[in-house]
Amino acid sequence: MSNTNSKNLPLWVQDREKVISNDIGVEWRGGKRPDYSHNDRVFEQESKYHHPEGSLEAIAHNLVRTFEMEASNKTNPEQWLSVVADKFRMSSNGGKEYTAEEAGEHGTYNLFISKNKHYNPEEETFESSFKTFNKAFPKGFLWEVIEVLSGPPNVTFKWRHWGTFQGNFKDYQPTGETIEIIGMSIARLTEDLKILSVEHYFDNSKFIKNLTAGGCPFHSQK
């Protein structure tokens, strides 16, 4: 797997901070740039995979992190550099396809988590889901590429999502354990490495099960 000089690559597959700093006219959620400095420090300590700069793994890693940042923080999808906004579609486990507008409006947590007795995405807003999961994972719920299996233009890759459960989740107390999800995605890209569509495959019930399996609900102690 050959490496590419990262300076010759599009901005959106370079470091996420470069995309954030290139923000003339960007409509940021809350009116200001996001600050990932704390998350980046934790990532450096806990990451298991260190991909060479310019490798397909590094490119996929940077592209997905840029997309996640833009979907979470840029209110206007037309300003997302990582996707073709009017064509973008996202799905998980063969389910409904969502547009860029829907991802920005509802938040990715609400699109990925199926309705269950502990969490109902239909009753959550972008803001409430963001608050809920940031409270449960104050050090961040981090993401990295494990391996790229094929591509581009159809990039298939394995990934891990993880975080330390250190804050309350709904009525459940934190356990201090690391919660990890392993998954695979297929991203269809343009020639200049923008996302046209992405399909995610993972056990989307395991996340909530792990958050509610060990901690005792507050109401059980009353």
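**Salt bridges and sheet arrangement**

The side chains of Glu127 and Arg29 meet in a salt bridge, with 3.8 Å from N to O; the term denotes a side-chain nitrogen of Lys or Arg within 4 Å of a carboxyl oxygen of Asp or Glu. This pair links distant parts of the chain, Glu127 being in helix α6 (residues 126-136) and Arg29 in the loop between α1 and α2, 98 residues apart. Glu127 is exposed at 51% relative accessibility, whereas Arg29 is partly exposed at 24% (buried, under 20% relative accessible area; exposed, over 50%; partly exposed, in between; 1.4 Å probe, protein chains only). Helices (H or I, at least four residues) and strands (E, at least two) are DSSP runs, numbered from the N terminus.

The model is predicted, so that local features need pLDDT of at least 70 and side-chain atom pairs count only at pLDDT 80 or more, while totals for chains, interfaces and linings use all residues. Residues are numbered from 1 along each chain as its sequence is written, and side-chain values use heavy atoms, with hydrogens and water left out.

By the above rule, eleven salt bridges are counted. One of them joins Asp40 to Arg16, with the closest N and O atoms 2.8 Å apart. Because Asp40 lies in helix α2 and Arg16 in helix α1 (residues 16-21), the pair ties together parts that are 24 residues apart in sequence. Asp40 is partly exposed, at a relative accessible area of 22%, and Arg16 is buried, at 6%.

Helix α2 (residues 37-46) lies across β2 and β3 (154-164) and runs at about 55° to β2. Contact means heavy atoms within 4.5 Å; axes are lines fitted to C-alpha atoms, for helices over the stretch in contact, and angles run from 0 to 180 degrees between N-to-C directions.

Five strands form an open sheet of mixed pairing, in the order β1-β5-β4-β3-β2; two strands pair if DSSP finds at least two bridges between them. The edge strands, each pairing on one side only, are β1 (89-92) and β2 (142-150). Neighbouring strands of the sheet are turned by 20° against each other on average, direction ignored. Strands β1 and β5 (residues 195-201) run parallel and are joined by four bridges. Ser91 has Glu199 in β5 as its bridge partner.

A further salt bridge is formed by Glu180 and Arg160, whose closest N and O atoms are 2.8 Å apart. Glu180 is in strand β4 (residues 178-189) and Arg160 in strand β3, 20 residues apart. Glu180 is partly exposed, with a relative accessible area of 26%, but Arg160 is buried at 4%. A network of salt bridges links Lys48, Glu144, Arg160 and Glu180.
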